[in-house]
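My notes follow in the order of the look-ups.

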Amino acid sequence: MTSTTSGTTQLPTGKPLLTLTRESEAGLWTIELHNGEDNRMSHDLIDRALKPALDIVEREWRDQWRDAQASSASKVKEPANKSAGRGALIIVGKRDQNKFFSNGLDYVNAIKDPNFFKLTYNPLLARLLTYPIPVVCAINGHCFAGGLMVALACDFRVMTDGKERRAWCCMNEVHFGAPWPFGMAALANAKVSDARTRRLLALEGHRFSPQEALTHGLVDAVADGSSADAVYSSARKLAIAKGELAKTGVWGLIKSDLHRHTLEDIAQDYRVVMPVHADAAARSRL
C-alpha cells in the first residue's frame with residue numbers, strides 16, 4: 001500500500017495522491033495532497049490515501065507518546081526523543097502551486113455512489129474532528145465545497161493572503177443545484193457560530209477572500225504571503241506551538257466530547273433529497 005523513502009511515505013502505491021513527511025524531533029507530520037491539478041476529494045484520495053495516512057500518523061505519534069509516558073513513570077531515563085508526546089499534523093495542498101487547496105468533491109463520481117457520504121466522506125470528517133493531535137490546515141489556494149468542509153473539520157486553518165493570486169473559501173452548492181449532505185450541515189453548525197456567516201456560506205454561496213474568511217472566523221490566520229511556502233511556513237509555526245497540547249493525551253478525548261452531537265449527526269444514514277424530488281412532493285401538496 002505504501003512506498004517509503006527517507007522519512008516520506010506516498011499513498012497509494014503506484015499512483016500516489018499524497019505525500020506524508022515527518023519531522024520526528026519536532027513531533028510534526030505533514031500530509032501534502034497532490035490529486036491532479038485541484039485536489040478533488042475522490043474515493044481514492046479519501047479511502048486509499050488520506051485515511052491510511054491519518055492512521056500512520058496516529059500510530060507513530062502514539063509510539064512516541066507511550067515512550068514519554070513510560071519514561072515519566074520510571075523517572076529513570078530520559079526518552080530517546082525529548083519531544084516525545086508532543087505532536088501536530090499539517091494538511092496542505094500541492095506545494096508547487098498556489099491556486100488550489102482543494103476544489104471540492106469529485107462530484108460526478110460521488111453522486112453515483114449511494115454510500116459515498118455514509119462510508120467514505122463522512123468518516124473522514126469524523127476522523128478529523130476526533131483526531132488525537134492538533135491538525136492545522138494550510139490553505140494555499142482556493143478551498144471549495146467538500147474541500148472547505150475538510151478544512152473546517154481540522155482544528156486550525158491558515159490561509160494564503162491572496163495578494164499574488166486570488167483565493168476563495170466558498171460553499172457553492174446553491175449555485176449549481178446540489179443539496180447539502182446532512183453531515184456537511186452538521187459540521188457547519190458546529191464550526192461556524194455566527195448565523196449571518198452561515199447564511200453567507202450556505203445560502204448565498206459567498207466567496208470569502210482570505211481577509212473576509214479571517215474576519216468571519218473561517219480561518220485562524222492569514223499568511224504573510226501568497227506562495228505555498230509562505231502558507232506552509234505560517235502553518236508550521238502554529239503547528240509546532242500547538243503540538244505541546246498533545247502531550248497529555250486528552251486532545252482527542254476533549255474534542256470527542258465537544259463534538260459529540262455533531263459526530264452523531266454525521267453518522268446518521270439519510271436520504272439525499274434532490275430538487276426534482278422536492279418539487280414532486282410540492283406538486284402533490286399544492
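I began with Glu-244, which is partly exposed at a relative accessible area of 40%; buried means under 20%, exposed over 50%, and partly exposed in between, with a 1.4 Å probe and protein chains only. Glu-244 forms a salt bridge with Lys-247, their closest N and O atoms being 3.3 Å apart; the term needs a side-chain nitrogen of Lys or Arg within 4 Å of a carboxyl oxygen of Asp or Glu. Lys-247 is also partly exposed, at 33%.

The model is predicted: local features need pLDDT of at least 70, side-chain atom pairs count only at pLDDT 80 or more, and totals for chains, interfaces and linings use all residues. Residues are numbered from 1 along each chain as its sequence is written, and side-chain values use heavy atoms, with hydrogens and water left out.

I then noted a network in which salt bridges with shared partners join Asp-55, Glu-58, Arg-62 and Arg-127. The count of salt bridges comes to 17.

Next I looked up Arg-236, whose side chain meets that of Glu-23 in a salt bridge (2.6 Å, N to O). Arg-236 lies in helix α9 (residues 228-242) and Glu-23 in strand β3 (residues 18-23), so the pair ties together parts 213 residues apart in sequence. Helices (H or I, at least four residues) and strands (E, at least two) are DSSP runs, numbered from the N terminus. Arg-236 counts as partly exposed at 29% relative accessibility, and Glu-23 as partly exposed at 26%.

Last, I checked Asp-229, which forms a salt bridge with Arg-95 (3.6 Å, N to O).
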